[in-house]
Amino acid sequence: MGSLKLKKISKYYGDVVALSRVDLSIDEGEFCVLLGPSGCGKSTLLQIIAGLIPQYEGSVLIDDQPVDHLTPRERDVAMVFQSYALYPHMTVAQNLAFGLRMHGVPRAVRERRIIETAELLGITHLLARKPRQLSGGQRQRVAMGRALVRRPNLFLFDEPLSNLDARLRVNVRLELKRVHQQTRGTILYVTHDQVEAMTLGDKVVVMQNGSVLQAGHPETIYDSPADIFVATFIGSPPMNIFEGKVERINGQFMFQGEDFSLNLKDIPQNLSEKRVELGIRPEDIEIVHKAEDALRVKVEMISNVGSEKFIHARLGSNDMTIRIAKEADIRLGEIIQVVMKPSMLNIFYNGRRI
């Protein structure tokens with residue numbers, strides 16, 4: 001398996017900037033997820049890496065060797081598409097063998113790899129069937145198998161689970177993670193689903209408008225988002241964001257929102273009298289019975305998701321979401337007191353986290 005490096009990759013379609021000087025490094029055996037909304041450039045980047053479209057500037061390196069001059073076949077990458085892209089007139093075994101035949105792999109080696117891959121994905125009993133005889137999940141396994149059987153330097157997955165229903169998507173997601181742990185292949189995986197990104201990736205790369213906003217371990221992205229977009233795009237429900245101003249009162253720095261204030265202990269002094277945003281995750285807000293710095297909020301709606309509940313409350317003119325235990329007894333219209341964990345507060349200035 002190989003490593004991947006992207007250096008200053010840019011792509012334009014007329015006046016439209018699809019990618020803007022993208023830098024990225026993926027280690028050998030790493031599972032990296034490109035995450036972002038539709039139109040952010042993640043699929044375009046994948047196609048450039050595969051050699052399907054050229055970049056305007058920059059370089060793609062596999063195992064530290066530039067591959068910009070190589071054809072897709074010569075780059076030794078395998079791609080799994082959202083649409084499965086199976087040959088309908090071929091059996092599963094023939095679909096798995098097709099790429100190996102094109103690369104001149106001997107028959108005995110082809111047969112051995114097909115059996116190994118089929119056993120790994122649990123599709124041995126499907127080898128004689130054709131795609132029309134398979135369910136969506138089985139077709140997706142075959143599509144993954146066709147990539148795995150080749151043993152390429154790099155696997156590229158372009159939103160492969162989007163066509164599956166929710167339950168099947170979870171099952172195939174777990175299967176893909178298990179396969180990666182066994183094969184330790186280098187994977188670049190594109191998705192707009194932040195749950196997929198957080199559960200699958202060793203590294204998550206958040207993109208918007210053709211640029212990389214933040215790259216790192218899923219926990220780092222979640223706990224320390226680089227900016228407002230990452231903070232609200234990652235997490236379900238998203239981070240609570242409150243607009244306000246930093247004021248110095250009696251020697252202490254305070255966040256002064258529209259209808260509440262909070263003591264800010266560790267904040268740069270040069271932010272005094274500046275407009276900022278305060279962010280906090282729903283699970284970092286606690287309901288209390290009595291506390292000196294408690295905030296009073298009104299419960300407007302309760303979402304029961306089974307394992308937990310989410311309270312949608314009103315803090316003055318601000319919306320607030322709070323995660324609570326499923327057994328908590330909270331009623332609609334109730335006035336409750338809450339405190340925000342000081343160590344979990346995020347302060348954003350000009351959209352960037354400080």
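**Close-up 1. Helix α1 is largely enclosed by the rest of the structure, because seven of its nine residues are buried.** This helix covers residues 42-50, in a predicted model where local features need pLDDT of at least 70, side-chain atom pairs count only at pLDDT 80 or more, and totals for chains, interfaces and linings use all residues. Numbering starts from 1 along each chain as its sequence is written, and side-chain values use heavy atoms, with hydrogens and water left out. Helices here are DSSP runs of H or I with at least four residues, strands are runs of E with at least two, and both are numbered from the N terminus. Buried means under 20% relative accessible area, exposed means over 50%, and partly exposed is in between, using a 1.4 Å probe and protein chains only. The buried set in α1 is K42, T44, L45, L46, I48, I49 and A50. Just past the helix comes G51, with a positive phi of about 85°.

Close-up 2. Contact, here and below, means heavy atoms within 4.5 Å. After α2 there's G104, another glycine with a positive phi, near 75°.

**Close-up 3. Helices α2 (residues 92-102) and α4 (residues 136-148) pack at an angle of about 30°, their axes 8 Å apart.** The axes are lines fitted to C-alpha atoms over the stretch in contact, and angles run from 0 to 180 degrees between N-to-C directions. On the α2 side, V92, N95 and L96 make the contact, and they meet V142, G145 and R146 of α4.

**Close-up 4. T91 sits in the loop between β6 (77-80) and α2.** T91 counts as buried because its relative accessibility is 16%. Leaving aside residues up to four places away in sequence, T91 touches L127, A128, R129 and K130.

**Close-up 5. K265 lies in the loop between β13 (261-264) and β14 (275-280).** K265 has 67% relative accessibility, so this lysine counts as exposed. Its C-alpha atom is 12 Å from that of I347, a residue 82 places away along the chain.
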